[in-house]
Amino acid sequence: MRAGFVALTVYATAMAFVEAACVISLKRLYFPEGWVAPFHPIPPEALRLEQWREAATLAMIAAVACLGRPGFRIALARGLWIFGLWDMLYYAFLRGATGFPSRLTDLDLVFLVPRPWIAPVWVACLGSLLCAVGAQVLSRRGGRHDG
């Protein structure tokens with residue numbers, strides 16, 4: 001793996017851990033009865049804050065992907081790589097810390113932007129895997145291996 005993608009992998013891993021730690025605390029706050037579907041709505045002001053937090057996370061991914069002013073294809077590959085690893089590792093850290101998800105079919109509040117959506121964990125993991133694979137394809141297309 002190219003050195004640039006190693007650094008991006010370290011960043012995505014650290015982001016995944018921070019996200020898992022944050023979400024564990026937030027789920028305990030918003031869902032003290034336990035984290036199982038059906039989920040009650042998050043209070044509106046808290047939902048807006050969480051949506052902005054997720055938007056900020058996406059902005060951080062985009063900013064890191066664009067460091068060094070790569071071309072669009074490489075920046076997109078970097079962003080997809082970070083996003084894919086971040087989300088998959090988030091679930092790994094979450095499971096290690098809490099036991100959730102116990103199965104890939106467990107329902108989760110997988111994203112809040114642009115609005116909350118609930119899906120089985122496998123849907124988020126499949127999307128993340130496709131992002132990571134797409135990143136590798138994009139980074140190799142055309143024979144240039146900057147990363």
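A nonpolar patch on the surface is formed by L104, W122, L126, L129, L130, V133 and V137. Together these residues present about 670 Å² of accessible area. The model under analysis is predicted. L129, one of the patch members, is located in helix 4. Its relative accessible area is 42%, so L129 counts as partly exposed.

Helix 4 covers residues 121-140, 20 residues in total. From its first C-alpha to its last, helix 4 reaches 29 Å. This is close to the 28 Å expected at 1.5 Å a residue. The buried residues of helix 4 are V121, A124, C125, S128, C131, A132, A135, Q136, L138 and S139.

The cysteines were examined next. The count of disulfides comes to 0. C66 takes part in no disulfide. For C66, the nearest cysteine sulfur is that of C131, 15 Å away. C66 is partly exposed, with a relative accessible area of 43%. For C125, the closest cysteine sulfur also belongs to C131. The separation is 12 Å, too far for a bond. A disulfide requires sulfur atoms within 2.5 Å, so this pair is excluded.

Salt bridges number 4 in the structure. Side chains of opposite charge can pair when their charged atoms come close.

R53 and E50 both lie in helix 2. They are 3 residues apart, about one turn of the helix. E50 is buried, with a relative accessible area of 5%. E19, E50 and R53 are therefore linked in a network of salt bridges, a bridge being a side-chain nitrogen within 4 Å of a carboxyl oxygen.

Another salt bridge joins the side chains of D108 and K27, at 3.2 Å from N to O. D108 is in strand 1 and K27 in helix 1. The two residues are 81 residues apart, and the pair links distant parts of the chain. D108 and K27 are both buried.

The whole structure contains 7 aromatic pairs. One of them, W35 with F100, is edge-to-face. The rings lie 6.5 Å centre to centre, with 90 degrees between the planes. W35 lies in the loop between helix 1 (3-30) and helix 2 (44-65). F100 lies in the loop between helix 3 (72-98) and strand 1 (107-111). The pair therefore ties together parts that are 65 residues apart in sequence. W35 and F100 are both buried. With F31, these two residues form one aromatic cluster.

Note on methods:
Residues are numbered from 1 along each chain as its sequence is written. This is a predicted model: local features need pLDDT of at least 70, side-chain atom pairs count only at pLDDT 80 or more; totals for chains, interfaces and linings use all residues. Side-chain values use heavy atoms; hydrogens and water are left out. Helices (H or I, at least four residues) and strands (E, at least two) are DSSP runs, numbered from the N terminus. The expected span of a helix is 1.5 Å times one less than its number of residues. Buried means under 20% relative accessible area, exposed over 50%, partly exposed in between (1.4 Å probe, protein chains only). Patches are made of residues with over 30% relative accessible area and no salt bridge: like charges are joined within 9 Å, nonpolar side chains (Val, Leu, Ile, Met, Phe, Trp, Tyr) within 5 Å. Accessible areas come from the Shrake-Rupley method with a 1.4 Å probe; for residues, only the protein chains shown count as cover. Rings of Phe, Tyr and Trp (its six-membered ring) pair if their centres lie within 6.5 Å; planes under 30 degrees apart count as stacked, over 60 as edge-to-face and the rest as tilted.
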